[in-house]
Amino acid sequence: MKHCWEYPAILLQLCFWRCIAPSFIQVNLGLSVPKGQSAFLSKENLQFSVPKEKDNCKVEVVMNEPITQRVGKLTPQVFDCHFLANEVKYTHNGCPILDEDQVMLRLYRFTETETFTETFILKVHLLDSDCNIIQLGSTSLEVPEFYGFSNVIDRNVLTFVYDVAMNLDCTVQVTTQDMLLPAYGQLVMGQPPEGPARGDQPHSFFQIMKKSKWGQKSSQDDLKGVHTLEVNCEEFLILGLHYQHLRPPSPDVDFITISLELVDSRSKNVYKKENAWIPVRIRNAFSNFPPKASFIAMYILEVDQFILTPITTHTLDGEDSESPKTQLVFNITKPPLQGFITHLSDHTKPITSFTWTELNEMLIAFQPPNSSHTERRNYEVEFEVHDAYFRKSAPIMVHISIRTADTNAPRVSWNMGLVLLEGQSRAITWEQFQVVDNDAISAVRLITVDGLLHGRLTVRGGKGFMFTVDDIKSGVVHYHHDDSDSTNDFIAFRIFDGNHSTRHKFPIHILPKDDSPPFLINNVILELYEDQEIQIEKVMLQASDMDSSDNYIIFKIIKPPQAGQILKRTAPEPSGYPITRFLQSDLFDAQIYYRHLGDEVFQDSFDFILSDSHEPPNLSDPQTVIIHITPVDDQLPKEAPWAVRHLVVKETEIAYLTKNQLHFTDAEIPDGEIIYTITTGPFFTSVLGLLDAGKLFLTDSMKKLTKESSIPMLRSFTQHAVNYLKVAYMPPIQDIGPDPQHLQFLFSVSNQHGGTLIGLCFNITVLPVDNQAPEMVLT
C-alpha cells in the first residue's frame with residue numbers, strides 16, 4: 001500500500017480517506033501491456049482484502065477523468081472485486097508516444113447498512129514489443145512540404161508478420177472518425193498530381209470536391225479521400241494509399257491509425273487484434289509546441305458560501321497553436337485546500353481533470369467547503385493544459401475567493417449523495433447531506449417534489465415525503481431501491497423554513513449486483529449432413545450476461561441429443577470427447593462440436609440452461625437448440641418382401657408390371673429416384689433360338705394397348721412409373737406354340753447417389769392361347 005505522501009498532488013483529495021482509514025487494497029502492482037495489444041488483469045496485479053463470503057464488493061472504472069485512459073481502455077466498466085481470469089481487460093490503442101497510462105478505479109464495499117468507498121490509480125506500463133504483427137518498414141512516410149503528398153504506403157513502409165499457414169484471415173481497418181487522426185491531413189487513394197504543391201495557390205490543390213466510393217470527399221479529381229476502409233491485409237499494401245497534408249501550421253509529425261484483426265477462417269473466431277499509429281513526417285514543420293494559458297481569461301472565481309459555482313472559460317482557458325480547443329485536457333495539479341472541483345454529472349465527487357469542451361459547456365464547478373466563516377476566504381488551484389499529443393503547459397494558477405453569506409434562507413452546505421448496491425436501502429445521514437439556516441434551523445422542512453424513479457423514501461420506517469434536519473441527523477430517513485436494473489436515481493427536495501424556500505437535487509448512484517441470469521442472443525438451427533459433425537460457432541449459439549463476464553457463462557445440458565453427441569475437442573484430444581456442460585469461452589475457442597451418429601434420424605435437439613459464475617449461480621429458463629440433419633443416401637435400395645419378380649401373361653395380352661411383381665425401396669429418397677436399368681432384354685430360357693421374346697415399354701407411348709411391333713423397347717424406368725402402371729410387358733408377336741414359355745430379363749436398380757444392385761433377374765411366363773384352326777401337314 002502506498003502512503004499519501006507517495007502520491008502526486010493530483011491525488012491528494014482521493015487519498016484523504018486512506019490516511020485515516022485502512023485501505024481495502026492488498027496488491028496494486030499495475031499492469032504491463034504491449035503497445036497496440038491487450039492484456040488481462042490478474043490477482044497478481046490487483047487484489048483486495050475484502051472477504052468474498054462477507055460483503056459485496058464492486059470496482060468501477062471512473063469514466064469522467066480524461067487525464068486517465070488516454071491511450072487505452074479498461075473493460076468492463078463495473079466488475080467484482082473477486083474478478084475472474086480473462087474477465088477484466090486493458091486494450092491499448094497503438095499510440096507510440098506514451099510509455100505509461102493510468103486508470104482511475106473506485107472500490108465500493110457494501111454492508112447491510114453502509115457503503116465504504118476508496119478511489120485509487122492502476123498504473124499501466126506500456127511495453128515496446130518485437131513480436132507485433134504490424135511492423136514499420138525501412139522507409140518512413142514523409143511529406144516533402146505543406147499541402148504535399150507522402151510516398152505510397154506499401155511493403156517498404158509497413159509489413160504484417162504472422163503465420164500464413166495457420167488458416168487465418170487478415171483484415172486491416174481504418175476509421176479516422178474514432179481517433180480523430182490524422183489530425184492535419186487525410187488518407188487518399190490514387191495517384192497524386194505531379195509537381196510541387198504551392199501553398200500560395202490553394203485553388204491548385206483544392207479543386208472541385210467529389211464524392212469517393214468510400215463516401216468521403218476528395219481534394220483532387222483523380223484522388224479519393226479515405227475515411228473508412230476495411231480490406232484484406234495484402235490488398236491494403238497495394239491500394240496506392242497516400243497521406244495528404246491539409247492544415248498548416250502543424251507539428252512535424254502526424255499519425256494514421258489502423259486496426260488489424262486475424263480471424264480463424266474455419267471457426268470465424270478472432271485469433272488476435274492489434275492497433276498501431278503509423279507516423280507521417282512533415283518536412284520543414286516545427287516540433288509540437290506545448291499549449292498555454294489564454295490571455296483572455298481572468299483566472300479569478302468569485303464564489304458564494306455553500307453555493308456550487310460553475311467554472312467558465314472567462315475564469316480558466318487554454319489554447320494551442322496546433323490543436324483545436326476541443327482536444328485540450330485540463331489537469332488539476334494542486335487542488336484547493338478546502339472544497340473541490342467537480343463535474344456536474346456527479347457533483348458529489350471530486351475530479352482531477354476535465355476537457356475544454358466540458359469547461360465550455362459549464363459542466364465543471366467548484367464545491368465550496370461545508371464550513372461557515374465570517375470573513376472572505378481565498379484559495380489557489382493549479383492547472384496544466386495537455387494537447388492531443390500529450391504536451392503540457394506551464395502551471396496555470398486560478399484564484400478562488402469565497403464570499404460570506406448574508407441570508408436567512410436555508411441552504412445545502414454539503415451534498416455527497418448516496419451510493420448503494422442494487423436492491424439495497426441506505427440512510428441519508430448528516431455526513432452525506434447537510435442543511436444550514438442562520439435563524440431557524442429547527443423550522444426547516446424538506447419535502448420531496450420530484451425524483452424517486454427507482455425507489456421510495458421512508459421516515460422512521462413509514463412512508464414519508466417530509467422530514468426535518470433532526471431526522472437527517474438521527475438517521476431515520478431511508479432510501480429503498482426497487483431492485484430494478486437501474487444505475488441512477490435522484491430526489492428533488494424543496495427546503496423551506498416558513499419564510500424562505502429553495503430547491504435542491506440529491507443524486508443516488510446504484511451499482512449493479514449479479515442477480516440476473518444469462519440470456520441467449522444467438523440460437524440458430526444447426527444444419528449438417530447425416531453421419532457428419534459441425535463446429536458450433538458463436539454466430540450459431542451465443543449468450544450474454546448483464547452483470548458478469550460472458551466468457552464464464554456455462555451451458556449445462558439437461559437433455560442430451562438423441563441422434564448425436566456434444567463433443568469438446570482440444571489439441572491433446574483431436575477426436576474429442578462427449579460432454580454435458582461447457583463454457584462460452586470454449587465455444588469462442590472453437591472447441592465445441594455436434595456429431596451425428598449416423599442413425600436414420602434426421603431431426604435432433606438438445607436442451608440446456610445457462611448459468612453464470614455467481615455463487616450461487618443465476619440460472620436461465622431451459623433453452624433448446626434444434627438440429628436438422630440432411631440425409632445422405634449411403635445405403636443400397638432394398639426389395640420389398642412381397643415383390644415376387646415374376647409375371648404371368650397370355651401370349652395375346654399385354655400385362656402391367658405392378659408393385660406386387662417389382663418393388664424396391666430406399667428410406668432416404670422418393671420412389672421417383674429409384675431407377676431400373678435393363679441390362680439384358682427379354683430372352684427365352686425354355687426354348688433356344690427364338691429371337692422375339694417380347695419387350696418392355698411405356699404405356700404412355702400407346703393410345704391403345706395392343707401388340708404392335710413398332711413400339712420402342714424400354715431400357716430404363718423408375719419405381720414411380722411402376723407404381724402408377726406406366727410399365728408393361730408385350731409378349732412375342734409370333735405364336736409361341738402349344739406349351740407355356742419361360743422368359744427372363746436382367747436388370748440393375750440404383751439410386752441417384754450411386755448405390756446400385758446389379759445382376760437381378762425378372763421371370764416371365766407366357767401362356768399359349770388356342771386361337772388358331774388346325775392345319776394339315778402333308779409329309
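Biologist: Which residues does F160 touch, leaving out those up to four places away in sequence?

Modeller: A contact means heavy atoms within 4.5 Å. By that rule, F160 touches I133, I134, V172, C233, F236, L237, I258 and L260. Bear in mind that this is a predicted model, where local features need pLDDT of at least 70, side-chain atom pairs count only at pLDDT 80 or more, and totals for chains, interfaces and linings use all residues. Residues are numbered from 1 along each chain as its sequence is written, and side-chain values use heavy atoms, with hydrogens and water left out.

Biologist: How many residues does the largest nonpolar core have?

Modeller: In soluble globular proteins, nonpolar side chains tend to be buried together. A nonpolar core is a set of buried Ala, Val, Leu, Ile, Met, Phe, Trp, Tyr and Cys residues joined through side-chain atoms within 4.5 Å. Buried means under 20% relative accessible area, exposed over 50%, and partly exposed in between (1.4 Å probe, protein chains only). Here the largest core has 66 residues, and F160, F236 and I258 have the most contacts inside it. Its largest share, 6 residues, comes from strand β21 (residues 253–264); strands (E, at least two residues) are DSSP runs numbered from the N terminus. A second, separate core has 28 residues, including A655, I669, F745 and V766.

Biologist: How many aromatic pairs does the structure hold?

Modeller: Rings of Phe, Tyr and Trp (its six-membered ring) pair if their centres lie within 6.5 Å; planes under 30 degrees apart count as stacked, over 60 as edge-to-face and the rest as tilted. The structure holds 25 such pairs. Take F340 and W414: their ring centres are 6.1 Å apart and their planes at 85°, so the pair is edge-to-face. F340 lies in strand β28 (residues 340–343) and W414 in strand β34 (residues 411–415), so the pair ties together parts 74 residues apart in sequence. Both F340 and W414 are buried. Elsewhere, ring pairs link F664, Y676, F717, F745, F747 and F762 into a cluster.

Biologist: Which ring does the charged end of K43 sit over?

Modeller: A charge sits over a ring if NZ of Lys or CZ of Arg is within 6 Å of the ring centre and within 35 degrees of the ring normal. The charged end of K43 sits over F83, 4.4 Å from the ring centre. K505 lies over the face of F490, at 4.8 Å.

Biologist: What pLDDT does the protein chain average?

Modeller: pLDDT is the predictor's confidence in each residue, from 0 to 100. The chain averages 85, and 92% of the residues score at least 70. Over residues 1–20, though, the pLDDT is below 50.

Methods
Helix = DSSP H or I, 4+ residues; strand = E, 2+ residues; numbered from the N terminus.
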